[in-house]
Amino acid sequence: MEGEKAVVALLLQALVTGLLMGGVYAAYSSGFSLIFGVMNIVNIFHGELIMIGAFTTYWLFTLYHVDPFLTLPVSILSASLLGYVIQRFLINRVVEAPPMMSYLCTFGIHLILANLALLAWSADFRTVTTSYSGEGFSVGPITVPLARLATFGIAIVTTFAIYWFLEKNRHGKAIRAASQDKEMARLVGIDIRKVYALTFALGAGITGMAGGLISTYFVIYPQMGLPYTITAFCVVVLGGMGYIPGALVGGLLLGIIQSLTATYLTSGLSVAITFILLFIILILKPQGIMGRGAVE
Amino acid sequence: MRRLKALMLMTMISALLLPGIARGQTAKFRIGCALPLTGVFGRDGNLVKDAYAYWADTINAKGGITIKGKNYPVELLFFDDKSDQAESAKLVERLATFEKVDLILGGFGSDSVFAASAITEKYKYPMVSGGASSNKLFERGFKYYFSTLGKATEEVRGCVEIADMLNPRPKTAAIIGSDVLFTSLAAEGYKSYLKKLNIELVYSELFPLSLDDYNSLLFKVKQKNPDMLLVGSHLVVALKVMKALKEVDFMPKMVAFSYGPTVPDFIKSLGKDAEYVIAAAEWAPNLKYKDAVFGTARQLNEAYFKKYGRYPDYVEVASIGGALTEQWAIEKLGLVPPLKEADRVRIMEELYKMDVMTVYGRIKFGPDGANVEHPPIAVQVQNGKLVTVFPKDAAEKPVWYPAKAWKERKQ
């Protein structure tokens with residue numbers, strides 16, 4: 001009986017841990033999906049936007065003792081401002097060129113941002129440790145860390161907010177129109193470049209917010225970005241490129257599969273499984289598991 | 001127009017030659033090193049860079065290395081290997097063939113040093129490392145590779161043998177670690193000492209450095225509820241494990257790391273959550289070590305703080321110790337720069353004969369290049385400071401045991 005309980009507890013814990021990790025994945029991947037969906041750009045400096053958001057929270061917390069959750073608006077603002085400027089002055093110049101140009105452009109920006117951050121903040125590993133860092137609550141034998149639960153909640157809210165914005169709001173509709181048919185949108189008087197810059201700012205903003213959130217339970221450093229970009233790419237491919245709710249579904253799925261693998265097989269396999277999944281999806285269902293993603 | 005072109009060409013050629021001319025004029029020791037200044041081991045690599053700079057500045061403040069009454073200053077060249085072993089080997093080859101430096105100092109991280117030392121062996125550069133300790137480094141029959149640290153499997157001895165000083169004595173242990181060279185060897189070391197002490201190993205797992213989420217792994221450990229958790233780690237892994245331990249709400253009676261907590265960032269980042277943590281170390285300022293260049297261990301500790309605003313990690317002092325041995329070998333042999341291959345061979349031979357007391361402790365290299373006269377110690381975070389707790393005769397304070405559960409700690 002005791003043994004049975006432990007088995008059930010471990011399974012439940014693995015599912016909860018995976019679900020929460022999935023929330024983290026979703027939180028930092030939806031911006032990537034948005035930018036791809038509208039502009040058809042694989043944003044390689046996505047991870048650097050997370051890094052900027054995380055460092056904004058870190059510095060506000062370290063220098064002025066601002067609670068990490070209160071710093072989120074600043075993280076959003078700093079990342080979206082950066083995103084807006086980069087889009088307006090750099091990416092807009094290559095957005096209609098062949099995809100290779102935008103890869104090169106965003107890859108270059110990735111290198112520049114990561115190395116500027118390295119110069120400014122050195123290679124130190126940092127983390128935000130608040131009085132409630134790592135705190136959680138227990139439901140029976142299950143432990144739920146608070147900060148991750150909050151991230152999970154915020155990920156769901158943002159996903160639906162963006163979905164609503166794109167479906168119902170006038171500006172959102174303009175964004176969708178621009179992504180569906182550039183020429184037609186131009187004809188009806190939509191300023192495509194403005195729409196793109198707005199989309200980029202929005203995508204970068206939610207990514208920066210995710211950065212602020214993860215700084216409380218992950219270790220942050222200037223060169224942390226690239227692995228995040230790669231994971232975001234996997235999450236978005238799983239859920240369907242450019243389909244916003246797909247990032248949530250893909251994130252949760254990846255989180256749960258990784259957690260189950262780590263619990264019942266080995267942690268090493270849980271890293272490999274990400275890429276195994278990526279291959280399977282790309283071969284069998286390139287539109288993502290929801291079947292709603294874009295296929296080139 | 002043609003004249004202008006010719007003039008420009010000449011200017012360019014002379015600009016290219018200028019460093020060479022300058023090089024010929026002042027006789028100094030040019031010493032190179034490839035270190036991970038960015039990437040996963042970026043922080044650790046920068047510590048070693050600071051240490052070498054500290055050594056060079058101390059020597060240069062006295063005019064340099066003194067050979068037969070004449071001073072030869074030391075000039076250091078640092079290259080960033082980006083925590084990549086192939087890059088490290090490439091840069092060391094560049095130091096040996098293009099820069100033609102007089103000496104090459106050891107880098108950081110067993111994988112990088114493993115690759116780089118194969119190059120120094122080829123070009124007959126003695127390399128004394130203070131930032132790598134994997135056993136494999138010493139199993140290649142190399143003649144030019146030396147280390148001031150103990151072997152990785154032996155470095156963690158203190159973390160396990162401390163069990164005999166604890167009451168009640170721990171009965172069970174779990175081992176986790178990242179599966180790179182140094183940390184997997186540390187895990188192996190833990191295992192063998194546990195066996196010797198008859199402590200039951202209830203769980204053991206190695207994971208890749210790229211693992212995102214440590215929570216699932218630590219929930220598994222939590223379910224086994226071991227008395228001791230022994231971690232094969234570098235700084236970033238140690239930080240991640242501590243973060244995850246708190247999130248899964250688990251604190252074993254004792255948690256120890258092979259590397260990480262002695263780097264100042266550990267306590268700075270984790271604050272009070274770092275309390276009770278035990279770490280393997282090779283040096284502490286309270287030990288009675290000293291030499292003529294740096295004074296006592298305590299003096300070095302304070303002087304270092306004055307210069308960098310932080311106390312040195314043991315890897316830094318081990319690196320200083322390594323640089324010292326090469327300096328003393330040069331002084332004893334009376335070699336002047338630029339050093340030729342025959343000179344470097346003599347330095348290598350001299351290093352094997354050496355048995356010296358340094359600020360880092362006694363250094364005597366065995367036939368495989370490992371330091372055979374250096375006992376491992378264990379330190380613990382107590383009230384925000386690292387305190388030596390093992391071995392008993394060097395302990396500053398008794399070890400805090402058992403560690404308090406997270407919920408019982410006051411913030």
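**Exercise 1. Which strands of chain B does helix α3 lie across, and at what angle does it run to β1(B)?**

Helix α3 (residues 85–97) of chain B lies across β1, β4 and β5 of chain B and runs at about 170° to β1(B). A few ground rules before going on. This is a predicted model, where local features need pLDDT of at least 70, side-chain atom pairs count only at pLDDT 80 or more, and totals for chains, interfaces and linings use all residues. Residues are numbered from 1 along each chain as its sequence is written, while chains are lettered from A and ligands numbered from 1 in the order in which they are written.

Helices (H or I, at least four residues) and strands (E, at least two) are DSSP runs, numbered from the N terminus. Axes are lines fitted to C-alpha atoms, for helices over the stretch in contact, and angles run from 0 to 180 degrees between N-to-C directions.

Step 1: look at the sheet itself. It's an open one of 3 strands in the order β4-β1-β5 (chain B), with parallel pairing; two strands pair if DSSP finds at least two bridges between them.

Step 2: find the edges. β4 (74–80) and β5 (103–104) of chain B each have a single partner strand, so one side of each is left without a neighbour in the sheet.

Step 3: zoom in on one pair. Strand β1 (residues 29–35) of chain B pairs with β5(B) over 2 bridges, in the parallel sense, and B:Gly32 sits opposite B:Ile104 in β5(B).

**Exercise 2. Describe how α2 and α12 of chain B pack.**

Step 1: get the geometry. Two packed helices are described by the angle between their axes and the distance between the axes. Here helix α2 (residues 42–61) of chain B meets helix α12 (residues 314–333) of chain B at an angle of about 40°, with axes 8 Å apart.

Step 2: classify it. That angle makes α2(B) oblique to α12(B); angles under 35 degrees count as roughly parallel, over 145 as roughly antiparallel, 65 to 115 as roughly perpendicular and the rest as oblique.

Step 3: α2(B) passes α12(B) in a right-handed crossing (left-handed if the near helix is turned anticlockwise from the far one by less than a right angle, right-handed if clockwise).

Step 4: list some residues. Those making the contact include B:Leu47, B:Ala51 and B:Trp55 of α2(B) and B:Ile320 and B:Ala323 of α12(B); residues are in contact if their C-beta atoms, placed from the backbone, lie within 7 Å.

Step 5: sort by class. The contact has 10 nonpolar, 2 polar and 3 charged residues. Ala, Val, Leu, Ile, Met, Phe, Trp, Tyr, Cys and Pro count as nonpolar, Asp, Glu, Lys and Arg as charged, and the others, Gly among them, as polar.

**Exercise 3. In what order do the strands of the 7-strand sheet of chain B run, and which helix packs on β8, β9 and β10?**

Step 1: read the order. The sheet is open and mixed, going β9-β8-β10-β11-β12-β17-β18 (chain B).

Step 2: check the ends. β9 and β18 (385–390) of chain B have a single partner strand each, so one side of each lacks a neighbour in the sheet. Direction ignored, neighbouring strands of this sheet are turned by 25° against each other on average.

Step 3: pick a pair. Strand β8 (residues 172–178) of chain B runs parallel to strand β10 (residues 228–232) of chain B over 5 bridges, with B:Ala174 opposite B:Leu229 in β10(B).

**Exercise 4. How many residues does each chain give to the contact, and which element of chain B gives the most?**

Step 1: count. Chain B contributes 34 residues and chain A 32 residues.

Step 2: name the elements. On the chain B side, those giving two or more residues are α2, β9 (200–207), α8 (215–224), α9 (235–247) and α10 (264–270). α9(B) gives the most, with 7 residues.

Step 3: sort the chain B side by class. You get 11 nonpolar, 11 polar and 12 charged residues.

Step 4: look at one helix pair. Helix α10 (residues 244–264) of chain A packs with α8(B) at about 35°, axes 8 Å apart, in a right-handed crossing. A:Ser259, A:Ala262 and A:Thr263 meet B:Ser216, B:Leu217 and B:Lys220 there.

Definitions and conventions
Two residues are in contact if their C-beta atoms, placed from the backbone, lie within 7 Å.
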